Amino acid sequence: MASYVAAVIDGYHDLMDNKSDQRVKDWFLMSSPFPTLAICLSYVFCVKVLGPWLMANRKPFDLRNVLIGYNAFQVVFSCWLFYEACDGGWFNGYSLRCEPVDYSTSPEAMRVASGCWWYFFSKFTEFFDTAFFVLRKKDKHISKLHVIHHGIMPMSVWFGVKFTPGGHSTFFGFLNTFVHIIMYSYYLLAALGPQVQKFLWWKRYITVLQMVQFVLVMLHAFQLLFIDCDYPKAFVWWIGMHAVMFYFLFSDYYKQEYKKKVARRKIRNRLRLCPQAAEDKKRDDEVAAAAQQARLAQLSTTGNGLYQDPGKLMQASYVDPNAPDNALRQRAFVSST
């Protein structure tokens with residue numbers, strides 16, 4: 001047993017020290033996965049347990065100005081990351097079909113590796129999305145999708161920066177930062193107040209854009225299973241399966257959040273546009289409610305619910321000699337009280 005544990009430890013150190021990218025091993029949070037894992041687990045505990053418990057008997061905070069500043073920062077940060085992805089690679093010679101990682105220390109390769117690390121760091125700034133929901137007591141927004149997405153991403157990106165900071169895998173960050181520019185622009189406009197919110201009809205299409213993003217990432221990653229490319233197959237599966245998981249999570253969210261709302265809205269609009277239909281529905285509901293009340297009143301006044309006249313009582317029971325085992329019968333006759 002001890003030798004097995006020692007072999008696992010030695011294998012772990014060999015993987016982290018010898019098979020990872022040596023350029024990033026001394027960068028902040030890059031020496032070991034455990035600090036990032038601890039931060040992710042702490043995030044989940046705080047937003048699902050500690051935060052709601054602390055806010056249970058408190059009024060929600062008014063964070064309008066904070067949200068405006070935060071979302072403006074996220075828009076600028078995402079724009080810079082997107083520019084780095086474009087100018088450092090995807091609009092500057094990267095191939096969509098196969099792009100190996102450049103592990104050299106050239107300025108171009110180091111720029112891409114640095115951009116990957118900053119993208120990793122951006123996953124921590126996104127934790128504030130959930131923190132603000134907790135402080136504003138918007139618990140319904142802290143969905144399964146929201147927590148899984150934010151809780152997993154830092155750990156997922158950590159492996160990319162540790163082993164493949166550049167090349168084919170950066171396509172995900174390239175698309176994701178573009179989506180975040182759109183998303184945080186929406187949040188920034190929404191934080192400006194009702195005078196702007198009435199023009200924000202396109203929220204649902206952000207979710208559609210996110211699902212399109214994951215489909216493109218799936219296709220881009222899994223193509224390397226069928227062509228020769230000097231890129232680790234393990235990361236092909238790692239990135240591709242993440243895209244599959246998030247696609248189905250976002251798809252389920254879209255169905256729950258928008259399709260059902262659209263159906264309910266159509267019913268409300270039909271009733272509003274057709275007063276007679278609304279009146280008929282109201283009358284049918286009243287008739288059904290009155291019938292139910294009548295049945296309840298009838299049962300409450302007759303005891304066993306079999307006799308219609310509460311002013312009469314049932315006579316004594318008797319034994320039926322013709323019934324099996326002389327079964328006890330109740331007389332069907334009633335007499336006046």
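This talk walks through the chain, its nonpolar cores, its disulfide and one surface patch.

First, the ground rules. This is a predicted model, where local features need pLDDT of at least 70, side-chain atom pairs count only at pLDDT 80 or more, and totals for chains, interfaces and linings use all residues. Residues are numbered from 1 along each chain as its sequence is written, and side-chain values use heavy atoms, with hydrogens and water left out.

Now the overall picture. The chain has 11 helices and 4 strands. Helices are DSSP runs of H or I with at least four residues, strands are runs of E with at least two, and both are numbered from the N terminus. Of the 337 residues, 37% are buried. Buried means under 20% relative accessible area, exposed means over 50%, and partly exposed is in between, with a 1.4 Å probe and protein chains only. The accessible surface is about 20,500 Å², and 64% of that belongs to carbon and sulfur atoms. Areas come from the Shrake-Rupley method with a 1.4 Å probe; for residues, only the protein chains shown count as cover. On contacts (heavy atoms within 4.5 Å): take those between residues at least 6 apart in sequence, and 75% join residues at least 24 apart.

Next, the cores. A nonpolar core is a set of buried Ala, Val, Leu, Ile, Met, Phe, Trp, Tyr and Cys residues joined through side-chain atoms within 4.5 Å. The largest one holds 58 residues. Which members touch the most others? They are Phe120, Val161, Phe174 and Tyr231. Several helices supply at least two residues each, among them helix 2 (34-55), helix 6 (144-163) and helix 7 (170-191). Helix 10 gives the most, with 10 residues.

Look at Tyr231. Skip its neighbours within four places in sequence, and its contacts include Glu99, Val101, His168 and Ile239. There is also a second, separate core of 12 residues, including Leu63, Tyr70, Phe132 and Ala191.

On to the cysteines. The structure holds 1 disulfide, counted as a pair of cysteine sulfur atoms within 2.5 Å. Cys98 is joined to Cys229, S to S 1.8 Å. Where do the two partners sit? Cys98 is in the loop between helix 3 and helix 4, and Cys229 is in the loop between helix 9 and helix 10, so the bond ties together parts 131 residues apart in sequence. The S-S torsion is about 85°, so the disulfide is right-handed. Cys229 is buried because its relative accessibility is 13%. Cys98, at 21%, counts as partly exposed.

Cys79 is partly exposed, at 36%. Cys40 lies in helix 2 and is buried, at 4%. Beyond its neighbours within four places, Cys40 contacts Gly151, Pro154 and Met155. Its C-alpha is 9.3 Å from that of Phe127, a residue 87 places away along the chain.

Last, the surface. Met1, Tyr4, Val5, Val8 and Ile9 make a nonpolar patch of about 550 Å². Patch residues have over 30% relative accessible area and no salt bridge; like charges are joined within 9 Å, and nonpolar side chains (Val, Leu, Ile, Met, Phe, Trp, Tyr) within 5 Å. A salt bridge is a side-chain nitrogen of Lys or Arg within 4 Å of a carboxyl oxygen of Asp or Glu. Ile9 belongs to helix 1, residues 2-18. Is Ile9 buried or partly exposed? At 41% relative accessibility, Ile9 is partly exposed.
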